[in-house]
Structure formats: structure tokens, C-alpha cells
Amino acid sequence: MTELPDRRLLLVHAHPDDESINNGATMARYAAEGAYVTLVTCTLGERGEVIPPELRHLTGPALGAHRRGELAAAVGALGVTDARLLGGAGRYGDSGMMGIPDNDDPGCFWQADVDTAAGALAEVILEVRPQVVVTYDDHGGYGHPDHIQAHRVAMRAVDLAAERGHLVAKVYWNRVPRSVAEAAFARLQDELAALPFDKGATVADVPGVVDDERITTTIDGGPGAAAAKAAAMRAHATQIEVAEPYFALSNELAQPLFTTEYYELVRGTGEPGETDLFAGLGTGAAS
Ligand SMILES: [Zn+2]
């Protein structure tokens, strides 16, 4: 195997589209800087609601296959070359929203044995040896079972990898500072009439919003990364409708498309006010 770049970042997500919405600018920035970016997606999102009427016939495995194509296009737009599906394609099924009977499907990710799934992810961590891992908080950002499970599996996999010889130096959770979300939604209210969406979402609809004091890290990839993020989100056409600087999911509620992304460092040591996920690691300055 050829030697990987010095700086290596691994992100764990529940469904195709989550990577672009949460971390698109971050992934594009680090890929452009020559860092090695690995995305592990846990399910194919076979139970997602489809926005375009002409694609609504896609359900179950057919939707999963289609979303796999969307994911490939999205990571291509971000410049990321290492995108994997946890345990291989189709290993874990989408669990659907919390509280529906689909949550009990034995093949769904919510029913997966955490240690088994984490073992598969630990294999990837031991292969790539990332210094930085990014995932959701323990509520999965907003309570979706697959997002909660992705959190559990990612945190457990970091522990398993440490036991087997690779210590991930920093673990981050995806966040949005409350002040940023509130300001963006205030702007949205002013601009809503000109948008192709009838209604706006609210701050409560945004995953991972926390008080500003909890934000440790701000990542702004500049215009190139912002454009790549919007392109990646557009690639997930079954799930996302983009009208920059806003977008909507299948609920058709407009929300801000954040091109600056925010994180909370939960393991490891960073630098105060850091603007680089690798800050303090001595892995070479960002170019
Ligand atoms: Zn998701």
C-alpha cells in the first residue's frame, strides 16, 4: 500500500447526504489541502423520503442503490476519494425515523450489535490511522436512530482501535453555535418570500445546536469549499433541494446552508480558538 498523507481525517455518518450537510466544507477544504479524508457511511438511506416526483417510485433497495450513486457524485464534488460503506454495501439498513415499526427490522442499523459494527469501523481506523475522527453527539444531533447508532459505533470503534494500537488523537462532534443559527434564521425570515420554499424551519430543526461556549473549532474552507459543499448537496437530489444560501429537505422547510462548519472537541487536546481540526498535533501546517 502506498503511504498515506501526513494528515488523516475520518468521518462517520449515518446516511448518504449527512456528510455533505454537516461537513461538506470541511471535507472539501482538507481534500484540497492534500489531507487524506475517509468517509464511512453506515447505511444507504433506503427509508429516506424522496423529493423529486419523478424519482418517488424509488423505495427500499432501489432507493439505496440510487443514493449510493448520489453519494459517489457528492464525494467526487468534495474531492474525496476514500468513501466506504460500513461492513460493505447493504450490511446495515436504514432504520427510519425514531418510533416507527421499521426500527425493529433485524437488518437495520438500530438493531445492529454495537461491538460488531464498531469492530468493522475499527478495521478501517487501523488501516487509515486517522489523527482526527468526526461524528455526532450522543443524541445523534437530532435523535434519528441511525445517527445515535453512528455515534455509539464511532466512539466504540475509537476505543477498540486504541486497544489495538492506534490512538485517535482528537474526536469531534458536529455542532452549530446557537448564536449563528439564530442569526441565520432571522435572515431567512427576511428572505423567505424570495425563496422557492413556502416555509422556514426553525433553530430547533437544526441538528447539533449548542450554546456558543461549547464550540471549540471553526472551519471555514473559503469560497472553493463552500461551492464544493453546495455542489455535493445538490448531488443528493432525492433528499435535498438547494437554493443558496438555503436548502430544504423532504419536509420542504427552508434552512440555512452553513458554509462555515463548527465542532466540539470531545477527546484529545486542541488549541484555544482553533480553526484547524489538526491544530496542536504537529502534523504539518495547513498549506
Ligand atoms: Zn441522516
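**View 1. Arg7 and Glu33, a buried pair.** Both arginine 7 and glutamate 33 are buried (under 20% relative accessible area, with exposed meaning over 50% and partly exposed in between; 1.4 Å probe, protein chains only). This is a predicted model, so to speak: local features need pLDDT of at least 70, side-chain atom pairs count only at pLDDT 80 or more, and totals for chains, interfaces and linings use all residues. Residues are numbered from 1 along each chain as its sequence is written, and side-chain values use heavy atoms, leaving out hydrogens and water. The two residues form a salt bridge (a side-chain nitrogen of Lys or Arg within 4 Å of a carboxyl oxygen of Asp or Glu), with 2.8 Å between the closest N and O atoms. Arginine 7 sits in the segment before β1 (8-13) and glutamate 33 in the loop between α1 (18-32) and β2 (36-41), 26 residues apart; helices (H or I, at least four residues) and strands (E, at least two) are DSSP runs, numbered from the N terminus.

**View 2. Glu264 meets Arg214.** Here the closest N and O atoms of the salt bridge are 3.3 Å apart. Glutamate 264 belongs to strand β12 (residues 260-267) and arginine 214 to the loop between β7 (209-210) and β8 (217-220), so the pair ties together parts 50 residues apart in sequence. Glutamate 264 is buried at 12% relative accessible area, while arginine 214 is partly exposed at 41%.

**View 3. Glu244 and Arg234.** These side chains meet in a salt bridge at 3.2 Å, N to O. Glutamate 244 is in the loop between β9 (241-243) and β10 (246-248), and arginine 234 is in helix α6 (residues 222-235). Arginine 234 is partly exposed, at 42%.
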